[in-house]
Amino acid sequence: MKPVVALVLIAAAHIAFLFDAYGSKFLGISPPYTRAIGISLGASTVAAGIGYSIAAAKLPWFSVQSHRSYLFATCAAAASLYVGIFLAFNTFGT
């Protein structure tokens with residue numbers, strides 16, 4: 001699979017997970033509320049960041065220096081986190 005396609009699929013999967021987790025009231029679990037937030041937001045963003053880093057390392061511009069792929073992975077994970085939360089809040093309300 002081409003790296004650009006992999007990056008787009010990772011972004012779509014991360015956004016879809018965040019949207020579905022909020023829409024299915026996964027974040028509304030009352031007793032371990034912080035754990036639910038940590039799982040849905042934190043773990044999914046870390047997993048997406050790792051996926052972004054692996055996929056970006058296969059691109060020529062990022063393979064020259066590894067810190068570029070890490071910086072890109074951090075920015076891409078933050079952007080997909082923002083888009084997922086934005087879509088979920090605007091669709092389902094806060």
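Let's start in helix H4, where Tyr 82 and Phe 86 are 4 residues apart and therefore separated by about one helical turn; helices here are DSSP runs of H or I with at least four residues, numbered from the N terminus. This is a predicted model, in which local features need pLDDT of at least 70 and side-chain atom pairs count only at pLDDT 80 or more, while totals for chains, interfaces and linings use all residues. Residues are numbered from 1 along each chain as its sequence is written, and side-chain values use heavy atoms, with hydrogens and water left out.

The whole structure holds 2 aromatic pairs, where rings of Phe, Tyr and Trp (its six-membered ring) pair if their centres lie within 6.5 Å, and planes under 30 degrees apart count as stacked, over 60 as edge-to-face and the rest as tilted. Tyr 22 and Phe 89 are edge-to-face, because their centres are 5.2 Å apart and their planes at 65°. Tyr 22 sits in helix H1 (residues 3-23) and Phe 89 in helix H4, so this pair ties together parts 67 residues apart in sequence. Tyr 22 is buried at 16% relative accessibility, whereas Phe 89 is partly exposed at 36%; buried means under 20% relative accessible area, exposed over 50%, and partly exposed in between (1.4 Å probe, protein chains only). Tyr 82 and Phe 86 form a stacked pair, 6.0 Å centre to centre with 25° between the planes.

Now look at Ser 80, also in helix H4 (residues 66-92). Ser 80 is buried, with a relative accessible area of 4%. Leaving aside neighbours within four places in sequence, Ser 80 is in contact (heavy atoms within 4.5 Å) with His 14, Ile 15, Leu 18 and Tyr 52.

How values were computed: Helices (H or I, at least four residues) and strands (E, at least two) are DSSP runs, numbered from the N terminus.
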